[in-house]
Amino acid sequence: MAKGRTILLGGIAILAVAAGVVAVRTATFEPRDIADGKDVTLAPAPPFDLNAAVQHLSAAAQIPTISHQDPADNQIAEWDRLHSWLAATYPAAHKAMTRTILPNRTLIYHWPGSDASLAPIIVMAHQDVVPVTEGTEGDWKYPPFSGAIAENAVWGRGTVDDKGSLIGLFEAIEALAGAGFQPKRGIYLVSGHDEEAGGSGAVSAAQKLKADGVEAIFTIDEGSVVLTDTPVIDGPAIMIGIGEKGYGTLKVTANAPGGHSSMPPAQTGVTTLAKAVLAIADHPFPLEVRGPGASMLEALAAKKGGTTRMAVANRWLFAPLLRRQIAASASTAAAFHTTIAPTMLQGSPKENVLPQSANALINYRIAPWNSSADVMARAKEAVGDLDVDLSWVKPPREPSRISSTNSQGWKWIVAAARADAPDAVLTPTLVVAGTDSRSMEPVSKDVYRFMPMHVSLKEAAMIHGTNEHMAVDSFKRMIDFYARLIATATG
């Protein structure tokens with residue numbers, strides 16, 4: 001009896017200590033190493049003609065710079081038309097900046113600073129847009145390349161991704177140049193021609209900047225937004241991408257003798273392939289609460305409070321619960337692990353012929369703590385002794401490095417974003433898709449991915465989808481943001 005009482009008392013003591021640790025960690029919990037930018041003296045945005053700016057975005061949306069899967073299908077003349085239109089529409093910007101048009105139609109603008117000892121900044125937005133899926137044109141409220149101005153928005157493919165940013169940058173620079181602004185720190189505006197088809201233009205731009213000796217203090221590009229109904233807090237959050245996932249497509253090939261479908265063997269190339277694909281898909285990378293995703297979770301939990309704050313502050317105890325909650329949403333889970341997505345299958349060209357070769361493509365978005373080598377090793381482990389070959393469709397892209405949330409560039413961006421979203425939660429995030437900005441890593445100390453649109457999760461679905469449109473209010477915010485950021489960082 002005495003021994004049992006001792007064990008019971010010991011258990012109670014352990015629980016009491018654990019409860020005390022949880023209480024203290026919860027009470028003292030704050031997001032780590034995220035500068036708030038409140039020490040930045042923010043330069044004001046110069047006035048501009050919003051009605052004219054809206055007309056300009058409409059005009060740009062009517063120029064169909066569509067990046068097709070096969071570059072041979074692209075209408076290069078449309079890129080040339082866009083370049084001529086930019087020069088005619090923004091005379092002050094083109095007088096202040098020198099323009100270089102690379103042979104592939106990528107643009108590099110340079111506004112020299114008065115102090116060559118100061119590292120320049122790089123601002124980015126791409127020129128191209130994705131196609132509209134054939135047969136869905138009638139689903140649009142307004143024709144996809146009409147640039148219709150209606151319902152307090154500009155409608156059309158690319159108005160958000162990414163001509164909204166491109167025109168917003170030019171409007172901001174035109175207003176600054178027209179007001180007589182003279183930067184002390186140099187400004188590079190880089191606009192890739194093919195971000196939607198791999199981003200070779202940004203690669204060539206980075207190569208030229210590297211050859212010119214450019215070492216920027218920061219780069220900013222598209223990638224994240226001010227989300228108005230952010231999960232966890234169900235409210236607004238300034239979400240700034242500090243890194244992006246890697247990308248690779250694995251080809252799984254099953255070779256077989258082939259033959260007539262009337263006399264199939266016990267195993268065909270197709271069944272072997274199916275087993276291999278299922279084995280890989282059923283061997284996922286584990287969810288890990290680390291990296292930018294963890295920083296985002298900490299910032300949101302600190303705002304939410306209650307049991308959410310307690311769980312995040314005490315991951316040593318509640319990690320399994322957190323992982324279950326994260327796994328419940330595919331969009332949330334993507335920031336916490338390397339994803340595996342089988343996307344394409346190919347077998348016989350005829351229904352009654354056994355294929356001699358069947359293959360599948362599996363697309364991976366690689367988390368910052370993994371590599372393409374990890375992906376290949378895990379796939380090989382999953383397929384075991386199945387008779388399949390594994391290879392990359394083309395060399396994979398490794399995850400980007402993670403940028404600082406304490407740098408001067410971060411502080412400038414945060415201050416400019418907070419100017420019209422003062423009550424929003426500030427959080428870093430991981431961009432699960434890809435942007436041209438990754439190519440600037442060799443020429444930029446830090447790389448950030450943020451455009452100051454205010455959108456809901458539902459509204460975000462229009463990007464690359466039907467009825468893409470830029471709200472006039474968001475467009476104004478973007479122009480003001482870019483103007484404040486450029487004037488503050490370079491003035």
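Student: How many bridges pair strand S2 with S6, and in which sense?
Tutor: This is a predicted model, in which local features need pLDDT of at least 70, side-chain atom pairs count only at pLDDT 80 or more, and totals for chains, interfaces and linings use all residues. Residues are numbered from 1 along each chain as its sequence is written, and side-chain values use heavy atoms, with hydrogens and water left out. Strands here are DSSP runs of E with at least two residues, helices are runs of H or I with at least four, and both are numbered from the N terminus; two strands pair if DSSP finds at least two bridges between them. Strand S2 (residues 107-111) pairs with S6 over 5 bridges, in the antiparallel sense.

Student: Which residue of S6 is the bridge partner of Met-124?
Tutor: Strand S3 (residues 121-124) pairs with S6 in the parallel sense over 4 bridges. In S6, the bridge partner of Ile-108 is Val-190. For Met-124 the partner in S6 is Val-190.

Student: Why is S6 described as largely enclosed by the rest of the structure?
Tutor: Buried means under 20% relative accessible area, exposed over 50%, and partly exposed in between, with a 1.4 Å probe and protein chains only. Ile-187, Leu-189 and Ser-191 point one way from S6, Tyr-188 and Val-190 the other way, and all are buried. Strand S6 (residues 187-191) is largely enclosed because its buried residues number 5 of 5.

Student: What is the order of strands in the open sheet of 3 strands?
Tutor: The edge strands, each pairing on one side only, are S4 (149-150) and S19 (469-471). Strand S5 (residues 153-155) runs antiparallel to S19 and is joined to it by 3 bridges, with Trp-155 opposite His-469. The order is S4-S5-S19.

Student: How far apart are the end C-alpha atoms of H15?
Tutor: The expected span of a helix is 1.5 Å times one less than its number of residues. For the 19 residues of H15 this gives 27 Å, so the model agrees with the expectation: the end C-alpha atoms are 27 Å apart.

Student: Is Thr-435 buried or exposed?
Tutor: Thr-435 lies in the loop between strand S16 (425-431) and strand S17 (447-449). Its relative accessible area is 2%, so Thr-435 is buried.
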